[in-house]
Amino acid sequence: MSWTLIALLLLPLVGSLVVAFLKGNDRTAKLVALGFSLVELALAVVAWVAYDPSSGARLQLTSSVDWIPTFGVHLSFGVDGIALVMIALIAFLMPVVIGGAWSDKLPEGRSASGFFSLLLAMQTGMVGVFAATDVFLFYVFFEAVLVPMYFLIGRFGGPNRQYAAMKFFLYSLLGGLIMLASVIGLYVTSADKLGQGTLDWATLVTVMKDAPTSTQIWLFLGFFIAFAIKAPLVPLHTWLPDAGAEAPVGAGVLLVGVLDKIGTFGFLRYCLPLFPAASKQLAPLVLVLAVVGIIYGSLLAVGQTDMKRFVAYTSIAHFGFIALGIFAFSSQAGAGSVLYMVNHGISTGMLFLVVGMVMSRGGSRLIQDYGGMAKLTPVLGGLFFVAGLSSLALPGTNSFVSEFLVLIGSYPNQPVFTIISTVGMVLAALYVLWVYQRVFQGPVRGTALLNVAAGPGTATDPERSGIKDLNRREIAVLAPLVALVLVLGFYPKPVLDVISPSIGATLSEVGVTDPVAQEGK
Amino acid sequence: MTFLAQVELIKPPEIEYSAIAPVLIVLGAACVSVLFEAFLPKHQRWAAQVVLTMLTFIGAGTALGLYAGAETTTAQGITTLSGAVAVDRPVIFLWVTLLLLGFGSILLIADRSVEPGGAFVADAAVRPGTVQDRAQATRTGMQTEVFPLTLFALAGMMVFVAANDLLTMFIALEVLSLPLYLMCGLARRRRLLSQEAAVKYFLLGAFASAFFLYGLALLYGYAGSVKLADIATATAGSDKSDTLLFAGFGLLVVGLLFKASVGPFHAWTPDVYQGAPTPITAFMAACTKVAAFGGILRVLTVAFERTNWEWRGVLWGVAVASMVIGAVLGLTQTDVKRMVAYSSVAHAGFLLIGSISLTEQGLSGTLFYLLAYGFTTIAVFGVISLVRNADGEATHLSQWAGLAKRSPVLAGVFTFLLLALAGIPLTSGFVGKFVVFAAAIQDGLAPLVVVALVASAVAAFFYLRVIVLMYFSEPAPDGPTVTVPGAFTTIAITVGAAVTLVLGVWPSFALDWAGAGGFIF
């Protein structure tokens, strides 16, 4: 019985309740929320230290009690390396998000305590999704996490927030309900085989190994559709640009940075080990979707006029890479994908934050309303550039390592798909640099900047224009992200060491041998 | 043989008084209640009726508790009154459910704080729209006949679920239906709508009863007996006419499905739910549903299990129709009571899936679903009765806009209840769906479950629409106010919401109890 995960789970929940009761006292509410998120980060460090990647145990820090014995459902928690890095990512991003949203202008009549309370509630849900080792419990968190996100978008989002919130919720709920059919299917299959049904993940992995391929394919599809909606794979992606664009910046970071990773995490934790035969048989289908997503997402990102939608489309392209690495079935590509999940959270989260900072100055989301902003806000321009470079995977930044691993690991098994996806790297350079050029380079122009300026002729003068560069809070928020971008760019080993044994275990559960390792022998 | 000697030959049946004591207590109290109406002065009746009804529930509950607690010798139940009534595990579960839900409804019916004088007309004989009618709307008296009518209806429901032959069942059906027809017409406000609902319900209900009776007659022709057990025996490899059997079965089931408001026999449901006084709607939606499905379960399992191969396909189609009708037509509703009515049609489809599973899991799952759904429904209607303007209840959806701002607690409770109806985890609605669908998949009804899940997703849209209205829209300046409820309504809503939560988080005890045993016949 390990209490670390339970503490990680309950702490934000308590924080959420406390903050909710601080209505009308926004400053205290923010401080309390930040305090809780920092303690949570410390706890995550404790969990990281307690986890021993070399021990060989598939799940660690486990704890379990009976919940609904009639259905063999337990309240059981545990992490492998993949789940651990995701939990660490949430814990890291949460203080950043809270700091970033510190002085956000909320829609009229909404209180900051409500906003921060929902953020912390989200954190509980997300930790639960990654830490649950009972399929029923996973499903519960999977659905429960929708509720705070729905309210975050619907209450605190942009002008079209109601539509976006509804679309987000219905897409995810539909996916969840299809998955529910498969969850029940798992229960029934295990009941047929063991006499008493169970939803314990580890038991199910052994039960499903010998299940007929046709059964596996049906159940696989139920899970896959849910996860493909979450980690949006084309053609199930259309909710993300709307939700991402309308979500308040902080919620957007969590949505794209962590919440969507539930999908790719689900591929690794549920689709592959539970349905090995189906995974192998259907891998080409997934790879096609992944590659289409890379190209399609990149092309649409090039054409966006709205900066937040732009970030959302770049994410669709990145999710294509992650899915490619997962279904290429090699340890390098798998480890690369998980590292990509982390890096994407950092770089896209940072991109979202800097876009939010641009918007808070100009009051517009449209790229055409800006121009030459780097003259007024050199520091913001520089940090936008760093976020962009990280997003396009420049060598030396974090994303390069993961993208490289995915491509080099996928090549031996799937040369055709890999070659096509490299086009995505070129397009990434195009969309990132072009947006940067339009917003930050050249003479100062665009209605958003000129209208804020104090008078005619003042806009070009940084001293007299109304546009201020980053303040100390904003720099403090972005600094840890920049540090991680560089550290993981040059020295990703600590993270890879945690990930790799779990990827190896996952691949052996699927029953594939590593092409690269074989050549080495 | 002398006349007296012939009388000697008629043996009175054995009566197990302790087993049927709960029914006798409710029926006896209903008779006393009628006497109250006849002999007490008008101003004393309400108080006397409330006290009597409460005592009835306590008495019936105690009698049931004593019998069920002491039931060690006849663990699986008995039949009594020469086999006309069975008191077995499902019946005890249903009786407890009915008494609990009936008690909740009575709390709503007895409440006089929300609407001064109660939700019921002061003088039912006054023509609607006249001067006298406007005068009665402001008077604080009410037709206290509603109390004996409720008790009679409840007793009818209790006999209905325990009836072990079709004649007893038919009489119980009439005993439960006739008071309901009257109660529907007793609304204090919008009396034309209320009376229209009563007439509609009565006419359609009369047809349904006729169908039931015709089916009964044909089945008697087939089996030579009205006992469920004899019909079951007759279906076992006999050379009797199948035409009689299936025509009789079809007509009988139509009568039952009508009462359960399963589509396409649901046409009365929206009108009656909308027109009836809200406490009566709650009583109908919760208790009638329990009684009707209790009857359906017993008839299908006991009498027709052997022939399920022939009729299952038909009920399969009925279940699909009900779910689709409920979910799709619910989308177009603009009145919150009509919306809940269509939601109940969709839920009836889910319940029918459990009922045609014909396994132990199907039985226990359906019973659990009934318990969970009943409590949620009572709380839902309790909340609806609180949102009012000068004309009475404000049930048009547009009037609910921005309710969260005016009354955050009420909006929060209602959101929780709607999420329960939508089947989001950590509510009883989710566990109910899970157990019913698990039973159905186990019995080979997987395609039906997929349809049900898609229907759930569609239905979620209209629940969410209400949440959107309450939270994300601005309140209208002349919008309705939320009445501060008195003790009775507060208790009903609190208990309903609390049970919804408890059964969602900790359902084991209720699941075990629902699965304690099967039908005795």
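The structure is a predicted model, and the values below were computed from it.

Helix packing was examined in chain A for α3 (residues 81-100) and α15 (residues 331-362), whose axes come within 10 Å and cross at roughly 10°. Because angles under 35 degrees count as roughly parallel, α3(A) and α15(A) are classed as roughly parallel to each other. From α3(A), the contact draws on I82(A), V85(A), M86(A), L89(A), L93(A) and G100(A). The residues contributed by α15(A) are V338(A), M341(A), V342(A), G345(A), G349(A), L353(A) and G356(A). By class, this contact comprises nine nonpolar and four polar residues, with no charged ones.

In chain B, helix α14 (residues 336-355) packs with helix α15 (residues 360-384) at an angle of about 175°, the axes being 10 Å apart. The angle makes α14(B) roughly antiparallel to α15(B). On the α14(B) side, the contact is formed by V336(B), K337(B), V340(B), H347(B), F350(B), L351(B), G354(B) and S355(B). These meet G362(B), G365(B), T366(B), Y369(B), L370(B), Y373(B), V380(B) and I384(B) of α15(B). Nine nonpolar, six polar and one charged residue make up the contact of α14(B) with α15(B).

Chain B also contains a hairpin of strands β1(B) and β2(B), with four residues between the strands. Strand β1 (residues 77-80) of chain B pairs with β2(B) in the antiparallel sense over four bridges; G77(B) has D88(B) of β2(B) as its bridge partner. Within the hairpin, L81(B) adopts a positive phi near 55°. Strand β2 (residues 85-88) of chain B is covered on both faces: V85(B) and V87(B) are buried on one side, and A86(B) and D88(B) are buried on the other.

Between the chains, 25 residues of chain B are in contact with 26 residues of chain A. Helices α18 (428-442), α19 (446-472) and α21 (508-514) of chain B each supply at least two residues of the side that touches chain A. Of the elements of chain B, α19(B) gives the most to this side, with eleven residues. The side of chain B that touches chain A has 19 nonpolar residues, together with four polar and two charged residues.

Definitions and conventions:
Residues numbered from 1 in each chain as written. Chains lettered and ligands numbered in written order. Predicted model: local features only at pLDDT ≥ 70, side-chain atom pairs only at ≥ 80, totals over all residues. Contact = placed C-beta atoms within 7 Å. Nonpolar A, V, L, I, M, F, W, Y, C, P; charged D, E, K, R; others polar. Axes fitted to C-alpha atoms, helices over the stretch in contact; angles between N-to-C directions. Parallel < 35°, antiparallel > 145°, perpendicular 65-115°, else oblique. Buried ≥ 20, exposed ≤ 12 C-beta atoms within 10 Å, placed from the backbone. Pairing = 2+ DSSP bridges.
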